[in-house]
Amino acid sequence: MVEETNKKSPKWFMVVSAVLLVWNLLGVMAYIAQVTMSPESLAILPDEQRQIIENTPVWATAAFAVAVNFGALGCLLLLLKRNLAGLFLQLSLAGVVVQMFHSFFMTKAIEVYGPGGLVMPVMVLVIAIYLVTLAAKAKAHRWTS
């Protein structure tokens, strides 16, 4: 017998899932903007920022792609009330961790962007962790199947 999802999931669950889907879609747009940046746009950046982007290894760019694409798919799966959301969001979190490792420990990003440059990466990490816990909670409460 197939378990039916609890159709009485709290309203906040769908609202939060939708808002975080939009958050991840903005991440997808940021990824696309970065990988399709024209040489002219790149040349406008301050030299240190340009060097960080130009010297980003393929694996770090791939981690960025995994983070945002799996995050968006995971949020969509939450909205569709699917347990598979948890796996996608765990993969997204792994992508975030790899990307942040590169940014913080293998580049001079903190020096280049200053302390204010830490706000967005910390938010990204906190939200990715929250999404994994939200998917686990949804599964435990049978809001997803």
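The model is predicted. The chain has 145 residues, and its secondary structure consists of seven helices and zero strands. The largest pocket holds about 980 Å³ of space, and the largest nonpolar core has 27 residues.

**Overall fold**

- Read from the N terminus, the elements follow the order α-α-α-α-α-α-α.
- Along the principal axes, the C-alpha atoms fill a box of roughly 60 × 25 × 25 Å.
- Of the 145 residues, 35% count as buried.
- Among contacts with a separation of 6 or more, 79% are made by residues 24 or more positions apart.
- The accessible surface amounts to about 8,900 Å², and 70% of this area belongs to carbon and sulfur atoms.

- The largest share, eight residues, comes from α4.
- Residues up to four places away in sequence left aside, L89 touches F70, G71, G74, C75, L78, L131, V132 and A135.

**Largest pocket**

- The largest pocket, with about 980 Å³ of space, is lined by 35 residues. Those nearest its centre are Q34, F64, Q99, M100 and M120.
- Two or more lining residues come from each of α1 (11–35), α3 (47–54), α4 (58–79), α5 (84–105), α6 (109–113) and α7 (119–140).
- The lining comprises 24 nonpolar, eleven polar and no charged residues.

**Residue Q99**

- Q99, one of the residues nearest the centre of the largest pocket, is located in helix α5.
- Q99 counts as buried because its relative accessibility is 15%, and buried means under 20%.
- With neighbours within four places in sequence left aside, Q99 is in contact with A63, F64 and A67. Of these, F64 is also listed among the residues nearest the pocket centre.

**Second largest pocket**

- The second largest pocket contains about 160 Å³ of space.
- Its lining consists of E48, Q51, I52, N55, T56, P57, H102, M106, T107, K108 and V112.
- Helix α3 gives the most to this lining, with three residues.
- By type, the lining of the second largest pocket has four nonpolar, five polar and two charged residues.

Note on methods:
Residues numbered from 1 in each chain as written. Predicted model: local features only at pLDDT ≥ 70, side-chain atom pairs only at ≥ 80, totals over all residues. Heavy atoms only, no water. 1 Å grid on protein atoms, 1.4 Å probe; cavity = no way out; pocket = protein on both sides within 12 Å on 5 of 7 lines; lining within 4 Å. Points joined across faces, edges and corners; volume = space filled by probe spheres on them. Helix = DSSP H or I, 4+ residues; strand = E, 2+ residues; numbered from the N terminus. Nonpolar A, V, L, I, M, F, W, Y, C, P; charged D, E, K, R; others polar. Buried < 20%, exposed > 50% of the residue type's maximum accessible area, 1.4 Å probe, protein only. Contact = heavy atoms within 4.5 Å. Core = buried A, V, L, I, M, F, W, Y, C linked by side-chain atoms within 4.5 Å. Areas by Shrake-Rupley, 256 points an atom, 1.4 Å probe, with all protein chains shown as cover.
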